[in-house]
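Colleague: I am new to this one. Could you take me through a few local features?

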Amino acid sequence: MTISTGDTTTSERDTAQDWDPVLSQIIYNYELTLNREMGRAVVNLSGSPLFVGASDFACGCLDAEGNILTSIAWSLQMGYAVSNTVRATLRRYGDDIHPGDMIFCNDPYGGGGLHSSDVVVVAPVFTDGELSAWVGVSAHVTDVGGAVPGGFSVEPMECFGENIRFTPVKFYERGVYRGDLVDAFLTNVRLPERTGIDLKALMGATWIGRERMESLFAQHGAERVRAVHAGQIQQSDKAMRERLAALPDGVYEGAAHMEHDGAEDRIYTIRMRVVKEGEHITFDYTGTDPQAPGILNSAEVGSTGNVVAALATVLAPDIPFNEGLMHPVSIESPRGTLVNAIKPAPISGATIYGAWFGTDAVLEALNYMIAGHQEHQQRRTGPWGSWTFAWLHCTNQYGEPWFFNVFTAGSGGASAMPFRDGEPAMMGVQTVGSFTANIEDYELQSPVLFLQRAFAPDTGGAGRYRGGLALESLCVPWDTAKWDTVVFHNRLSTPSSAVSGGQSGAGSSLRFARGIMDDVRARWRHGDPLPIREYAESAERTPTRAKGLVVEADDGYYMRATGGPGYGDPLDRPVDEVAEDLRRGFVSPRTARDAYGAVLTPDGSPDPEATARHRAQLRQERAALPRTSEALSDLRHTQPPAPAGSADRTGTQTLGEHLELTTAGYQCRDCAHTFCDPRDNWKWHAAFRQATISPAALQSPIRERDDLNYRQYFCPGCGVQVETEVALPDEPPRWNFRPLSVWRAQRNTGSNVPQP
């Protein structure tokens, strides 16, 4: 087999002379359309609720070496992971790849997607006997076997017991269907007929993609198309380097916390250090916790996917998404950690744990970087929704064995941004192609009846701009005896970071409202409204993760997703916007008072003058709080300043809505108060408040826990809330930004103490 690629050694000058931007755009749009056609085939041929109701798939075109060219994706990580299978196939088969081959893989450890439920099917595209390109689909199929219906393990177990996993194998070989291999896979799943239809849909879609790509090469000529592909990658590479060069150098840090490994409700932390210098950027996961015994891990493909998702949404959404984006990027992902697990660590939940929360850690770091650029600072964002769900296993209304997932609890609020409130019910920033299915679709496909679906009040994180509201729903089993459930919370008690002094959004919640149907039917008969809030508040709280829970025919199933984090100090939110939130039911009077400092009149509307006076008093009280160095004096030695010397600062770098770094040091942008020298962490010199995680601390619904803290950092000069932080009790204040010179001096003297 001969692999043909474009001339990647051509100089930029020669490429510029030969470059045909019109043809490039034609080919780019053709391949995007090709991807969409593959996606439509996946939906039409399968009919799976995971495809129809959630678009849980990705389609892509790649060059002969497996470099991504174009993609449409439910999640950006999933789209990029198709290249993982192509590269693994090339390693396995070498010259034994032929026209008519179609390769299947679902082993994240061996070249698959993010987790074993994501089946990847790829096919080579040949022209005149030479391998010129690939097309492929990655999709979450109905079942991949294993210990638990739905494929996600609950208790700690080895990956060998979670699901069946195939490294790359040929389901078609030289155009001949290998039914023996397909049957070998399907005999290990609970719903072989349903899953078999999924697999045929993926193969059919890939077949269509291959034919369309062959037509493209035939129309424009193989050599010309390959040259365009190489040029497109080079163009994105060049644009990405220019983007990086325009952003301020430095060392930026972030973190994200996950809860409960299936046996023990302890905190697991993913840490990210971003080192940006000139045209190059390094994403370093050093300090991330070791791999967990339960579901929280991802294989190495997830650590790359986390970075890809952040780059393509925040750092470079306007640059064509192809392999060129990654050329100036390095990723350090220590083996045996949450984001680069090694066998036998379980990885069945990677797509919503290690390969999701890692992006959240990257976002926190990048927010400080892009704050220093006038144009790109508008894209600062905290984490969006995270997946909370239950697999529901039953006999459906058509008498068939069935399990399904109501995705409503994954429809969390989006983060607020520097110019707007967060959108409600948006899922994750990673899931650019996702949507929330219609209630009618759920009720047609599965044995469920919805009593309500609405935006949950008080769930958006407080801020100058409010975080997006979470979606909440109450549904009941319908035309079935019961549901056997497997429950998975995310951010039940571990809030996300926010942006520039905003506050974290609400945690998620799954509850069982026992025995409500008699009351529901009585109210239906009399035409009375249902007391949904009363049902939800009195419902049985479920564990963070559990299997064997039953929802009987007379019970209700309540779901609430996570709220989006806020942006900026809540006391800066205009009074008329607080009033509008009250009018629309987005916030309660209590939240308006406690989070936004609003003084309400007897009719429930804010009093502007009284509110201004009250907010001024609150700021004074904040400014008088103890300094962080006093409140956390036992941790000060774990994070010493750099040795004496210059921080080599010139000019001013904006780090947030209320924070900047000047030649004099870290300063408040509101009152010019100087926190400290550029060589120290400004947070040690802020006015400080800390509490364990609770609704009172966040001023938003969340389950309490005492082994994680919520920290607020205020300016001692004017009392503005500069930043908030979610941290372990023994963790020093996160050093979100350091000048390169300071970081290097600390490394050279051994005083760069790693955070816990």
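**A walk through the model**

Modeller: Start with one histidine. His140 is found in strand 6, residues 130-140. Keep in mind that this is a predicted model.

Colleague: Is His140 buried or exposed?

Modeller: The cut-off for buried is under 20% relative accessible area. His140 has 6% relative accessibility. His140 therefore counts as buried.

Colleague: Which residues does His140 touch, leaving out those up to four places away in sequence?

Modeller: Contact here needs heavy atoms within 4.5 Å. With residues up to four places away in sequence left out, the residues that His140 touches are Leu50, Phe51, Asp56, His115, Ser117, Asp118, Phe152 and Trp391.

Colleague: On to the helices. How are helix 4 and helix 9 oriented to each other?

Modeller: Two packed helices are described by the angle between their axes and the distance between the axes. For helix 4 (residues 76-93) and helix 9 (residues 300-315), the axes are 8 Å apart and the angle is about 130 degrees. Angles over 145 count as roughly antiparallel, and 65 to 115 as roughly perpendicular. The two helices are therefore oblique.

Colleague: Which residues of helix 4 and helix 9 make the contact, and how many are nonpolar, polar and charged?

Modeller: Helix 4 brings Leu76, Gln77, Tyr80, Ala81 and Asn84. Helix 9 brings Val301, Thr304, Gly305, Asn306, Val308, Ala309, Ala312 and Thr313. The residues of this contact divide into seven nonpolar, six polar and no charged.

Colleague: Where is there a cis peptide bond?

Modeller: Most peptide bonds are trans. Look in the loop between strand 12 (329-332) and helix 10 (354-370), where Pro344 is found. Omega is about 10 degrees at the cis bond, which joins Lys343 and Pro344.

Colleague: What is phi of Asp458, and is Asp458 buried or exposed?

Modeller: Most residues other than glycine have a negative phi. Asp458 lies in the loop between strand 15 (448-455) and strand 16 (471-477). Its phi is positive, near 65 degrees. At 12% relative accessibility, Asp458 is under the 20% cut-off and so counts as buried.

Colleague: What is the bridge partner of Gly656 in strand 23?

Modeller: Strand 22 and strand 23 (residues 659-661) run antiparallel, joined by three bridges. For Gly656, the partner in strand 23 is Leu659.

Colleague: What is the phi of Ala672?

Modeller: Ala672 is found in the loop between strand 24 (666-668) and strand 25. Ala672 is not a glycine, yet it has a positive phi, about 70 degrees.

Definitions and conventions:
Residues are numbered from 1 along each chain as its sequence is written. This is a predicted model: local features need pLDDT of at least 70, side-chain atom pairs count only at pLDDT 80 or more; totals for chains, interfaces and linings use all residues. Side-chain values use heavy atoms; hydrogens and water are left out. Axes are lines fitted to C-alpha atoms, for helices over the stretch in contact, and angles run from 0 to 180 degrees between N-to-C directions. Helices (H or I, at least four residues) and strands (E, at least two) are DSSP runs, numbered from the N terminus. Angles under 35 degrees count as roughly parallel, over 145 as roughly antiparallel, 65 to 115 as roughly perpendicular and the rest as oblique. Ala, Val, Leu, Ile, Met, Phe, Trp, Tyr, Cys and Pro count as nonpolar, Asp, Glu, Lys and Arg as charged, and the others, Gly among them, as polar. Two strands pair if DSSP finds at least two bridges between them. Buried means under 20% relative accessible area, exposed over 50%, partly exposed in between (1.4 Å probe, protein chains only).
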